[in-house]
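Please keep the view open as you read.

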Amino acid sequence: MSDTATSAVDIKAQSRGQNLRFYGIWVIAAIVLIVLPMIFSSGGSLTSFSLIGISIIFALSYNILLGQTGLLSFGHAVHYGLGGFLAIHAMNAVIARGWSIPLPLIPLVGGVGGLAIAIVVGWVITKRAGTVFAMISLGIGELVASSSLILRSVFGGESGVTTNRTDLPQVFGWNFGPQIQIYYLIAFWLMISAIAMYALTRTPLGRICNAVRDNPERVEFIGYDPHVVRYLAYCFAGFFAGIAGGLSAINFEIANSAYLGAVQSGIVLFATFIGGTAYFFGPILGAILVTYLQLGLTSVTTVWQLYFGVIFIGIVMFAPGGIAGLLMMHRPLVRAGSLGLMIPAYLIALVPTVALACGVILAIEIIARQHLPADAQIINLLGIPFSATSPATWLTSVILIVGGYFVARLTWQRIADAWDRATTIARDRGYLA
Amino acid sequence: MSAAIEVQAVEKRFGNVRIIQDLNLSVAKGERHAVIGPNGAGKSTTFNLISGHIAPTSGEIRLNGEVISGLRPFEINRRGLSRSFQVTNVFARMTVWENVRCAVLWATGHRYAFWKNVDELPEVRRRTAEILEDIHLFHRRDIPAGLLTYAEQRELEIGITIAGGADVILLDEPTAGMSHAETERAVALIRRLTEGRTLVIVEHDMSVVFGLADRISVLVYGRVIASGTPEEIRGNPKVKEAYLGEEAH
Ligand SMILES: Nc1ncnc2c1ncn2[C@@H]1O[C@H](COP(=O)(O)OP(=O)(O)O)[C@@H](O)[C@H]1O
Ligand SMILES: [Mg+2]
């Protein structure tokens, strides 16, 4: 009995330690968010940071479903989009009626919009998990997206609904015209939302969400109705998606049907999965990477979706745990001090793997640019110009792909061997089960 | 005083196949009741019926006098009945600690709370630690349940079942696949943990059954052919013929 008492105290001390580390991480995150625009102050980076912040909230909200509760939704943008529309209409109403609601509170209106639709449709959608849930979410997504084009008075048809954010009541003398002010507004809501969503995972409901994800059948035998659990998770996901949508409406001063369509739903799934659903920070990494790629790739290639597809397939096949999963795989090695064995193997593999990737990129671009005007047929790869019509480019591509593949395969084998040695050490030292 | 469990004229069909026919079973409060019978007799199906996993085609099941047939498993669980599974049924990606803690949450009244920090609930923490000590898994608490050994998973299965503090416990072959030593340990554990509660256990090891049970029911082809004290069952010619006789070969 006294044994139990001491161990319960141990657990308590352990969770205290975790709490300290936990607060430390949030403080660092807040400082990074504050300092970031001081280091990268160009208009372009402010716009990128703002978009990234919004996608992080959106992806984290999606992971309440996918990673926490095991629900694969194809229609999450419904909540993002309707949150955005409600926020736009709220802003216009505030301007028209002269209400004294300041802009920083508008994202909350978006959240309420996302939550409201979740409360209404969620009960039916979450009745079942698995394929049934996925299909119904897809159906609802299509339904809402198509009605948005029909109900012109609410959704503004093709062109959408616009607003002017500077016409809202000012706070601290900020009129929220300049992008830097919008950035800080997004950063503020990002911190609040991320902390709230993390806290949610540490509540009784959050833990039971994981249990429903792992084994919904057994949950019924420990007193819980998995349907209610899924429904509540769905409502929270809808709420935070709505906040992201509201921020987007403020950022662009417009909401249109693209906000709630299948593409938007696909991108958030994509970002969350690439980042990794098993860890809270996974979707954050995924949202940063995907938004960055979206912004960067669209300006250098017309077939950026194709690259997204290739990356997605690669992650699903070779790293189903996403980036976070890849990183966390190395944690036992770091603790055991055997990570050093991996680094040379990684560095050696990098060269042929990059060569292989360059070959594939060349091949894709050659095909994609055949019918473009002559000046668009110059492929600029790592600073070297290649002509899409020249046989020399074809040859280079084939050599890079074939040669890169055969050399890379050898180096990948080295990685596998080094991995075996490093994990054996970690296991011997008790850092790996 | 009403019985803890009262199964009355229950029938269960899967399609046209009648798996359970005219099943009658009564388990008194505080009793340790063993259900035995050959493979495929319908023992697990009986547990599925009582715990609400499947609904009876006809008939009635009562828990402490209240009709529970037709209720969902979580409704029955909230009324004080908890069951384990013959095939281990845990939360594989969650740690051992989390597995037991989840099973403690409803019973401690925290339900779907999303405004409480789960790590700051002293009662939950204390009960989780206690159960883990009881099932000898405290030192394994940070391991994902899916990575436990088979015998450890069976013990966790029992831990999850008793964690909610239910008065009526149904254990479906808790010692199946265990070595002799593991079985002895598990039986001692079951004996201790179900002290003062009602236990219904499906078990194949006859020494365990006759050592543990106050009463025994013998199930053959979905029917209870005999129910009584161990002595009565041992001396029952129908049982000898249908079941124990075969075993003795
Ligand atoms: N869901 C089901 N659908 C169809 N048949 C089932 C189902 N569940 C169990 N059965 C059948 O019912 C019979 C009894 O099974 P079970 O209760 O598991 O037996 P026991 O636990 O006594 O070994 C078996 O023949 C089994 O195949
Ligand atoms: Mg069985």
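In this predicted model, helix α8 (residues 204-214) of chain A packs against helix α10 (residues 226-252) of chain A at an angle of about 115°, and their axes lie 10 Å apart. The crossing of α8(A) and α10(A) is left-handed. On the α8(A) side, the contact is made by Leu205(A), Ile208(A), Cys209(A) and Val212(A). From α10(A) come Pro226(A), Val229(A), Arg230(A), Leu232(A), Ala233(A) and Phe236(A). By class, the residues of this contact are nine nonpolar, no polar and one charged.

| Cavity | Volume | Lining by class |
|---|---|---|
| Largest cavity | about 50 Å³ | five nonpolar, three polar, no charged |
| Second largest cavity | about 40 Å³ | three nonpolar, three polar, no charged |

Which residues line the largest cavity? They are Leu60(A), Asn63(A), Ile64(A), Gln68(A), Met197(A), Thr201(A), Phe280(A) and Pro283(A). Two elements of chain A, α2 (43-69) and α7 (179-201), each give two or more residues to this lining. The largest share, four residues, comes from α2(A).

The second largest cavity is lined by Ile64(A), Gln68(A), Leu200(A), Thr201(A), Gly206(A) and Cys209(A). Here α2, α7 and α8 of chain A are the elements that supply two or more residues.

Definitions and conventions:
Residues are numbered from 1 along each chain as its sequence is written. Chains are lettered from A and ligands numbered from 1 in the order in which they are written. This is a predicted model: local features need pLDDT of at least 70, side-chain atom pairs count only at pLDDT 80 or more; totals for chains, interfaces and linings use all residues. Side-chain values use heavy atoms; hydrogens and water are left out. Axes are lines fitted to C-alpha atoms, for helices over the stretch in contact, and angles run from 0 to 180 degrees between N-to-C directions. A crossing is left-handed if the near helix is turned anticlockwise from the far one by less than a right angle, and right-handed if clockwise. Contact means heavy atoms within 4.5 Å. Ala, Val, Leu, Ile, Met, Phe, Trp, Tyr, Cys and Pro count as nonpolar, Asp, Glu, Lys and Arg as charged, and the others, Gly among them, as polar. On a 1 Å grid over the protein atoms alone, a cavity is a set of points where a 1.4 Å probe fits but cannot get out, and a pocket is an open set with protein on both sides within 12 Å along at least five of seven lines; lining residues have an atom within 4 Å of a point. Grid points are joined across faces, edges and corners, and a volume is the space filled by probe spheres set on the points.
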